[in-house]
Amino acid sequence: MTQDHQFAILYPLVVGVGAVACTIFVHALALAATVKLFRHERRLGHVGAGALIDLAIVAVAISFAFVAHLIEIALWAVLLIICGEFQGFGNAFYHSAVNYTTLGYGDLLLTPSWRLLGPLEAANGALMFGVSTAIVFAVIQRLLLARYEDLRH
């Protein structure tokens, strides 16, 4: 492998890992907000108090995760613009959303020098969706345990 070829792989990899680190931070904020919300609702005695309240808590937790994903897609889109892959935010955001969600239409392609960002973003999105699922599952589990005495044993 030539020095130029190694650099061509290394540079997008380093840039992509930086983007992944940013998305981890965004998701950590969403997790922290969810935990804070849950603890607040528990202190108020709302957790497990009724189906509608529990539904609202789950809906807010899902909303936190969803907003985190939109921010992360936007971060990747801005990165793609900075790298010169797209001129406008709309196309960059669309391309990023297709990669992040692993939908993979393939109608907008990255140039060969930056194409490694595509699979990195897809892996990042898959992992972040897993984190979101874990967060929502934990909230639902805690709500069920708070509401139903027989599930605690």
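The side chains of Arg 147 and Asp 54 meet in a salt bridge, with 3.9 Å from N to O. A salt bridge here is a side-chain nitrogen of Lys or Arg within 4 Å of a carboxyl oxygen of Asp or Glu. Because Arg 147 lies in helix α4 and Asp 54 in helix α2, the pair ties together parts that are 93 residues apart in sequence. A search of the whole structure finds one salt bridge. Side chains of opposite charge can pair when their charged atoms come close. Arg 147 is partly exposed, with a relative accessible area of 32%, whereas Asp 54, at 9%, counts as buried. In these terms, buried means under 20% relative accessible area, exposed over 50%, and partly exposed in between, with a 1.4 Å probe and protein chains only. Helices are DSSP runs of H or I with at least four residues, numbered from the N terminus.

The model is predicted, so local features need pLDDT of at least 70 and side-chain atom pairs count only at pLDDT 80 or more, while totals for chains, interfaces and linings use all residues. Residues are numbered from 1 along each chain as its sequence is written, and side-chain values use heavy atoms, with hydrogens and water left out.

In soluble globular proteins, nonpolar side chains tend to be buried together.

Lys 36, Arg 39, Arg 42, Arg 43 and Arg 142 form a positive surface patch. Helix α1 (residues 3-43) gives the most to this positive patch, with four residues. One of the patch residues, Arg 42, is found in helix α1 and is partly exposed, with a relative accessible area of 48%. A nonpolar surface patch of about 400 Å² is made by Ile 140, Leu 144, Leu 145, Tyr 148 and Leu 151. Leu 151 sits in the segment after α4 and is partly exposed at 44% relative accessibility. Patches are made of residues with over 30% relative accessible area and no salt bridge; like charges are joined within 9 Å, and nonpolar side chains (Val, Leu, Ile, Met, Phe, Trp, Tyr) within 5 Å. Lys and Arg count as positive and Asp and Glu as negative, with His and the chain ends not counted. The place of a charge is taken as NZ of Lys, CZ of Arg, CG of Asp or CD of Glu. Accessible areas come from the Shrake-Rupley method with a 1.4 Å probe.

Some pairs of residues show how sequence and space relate. Leu 143, in helix α4, is buried at 4% relative accessibility. Its C-alpha atom is separated by 5.4 Å from that of Gly 48, 95 residues apart along the chain. Ala 28, in helix α1, is partly exposed at 43%; Ala 28 and Ala 68 are 40 residues apart in sequence and 9.2 Å apart in space, C-alpha to C-alpha.

Key. Helices (H or I, at least four residues) and strands (E, at least two) are DSSP runs, numbered from the N terminus.
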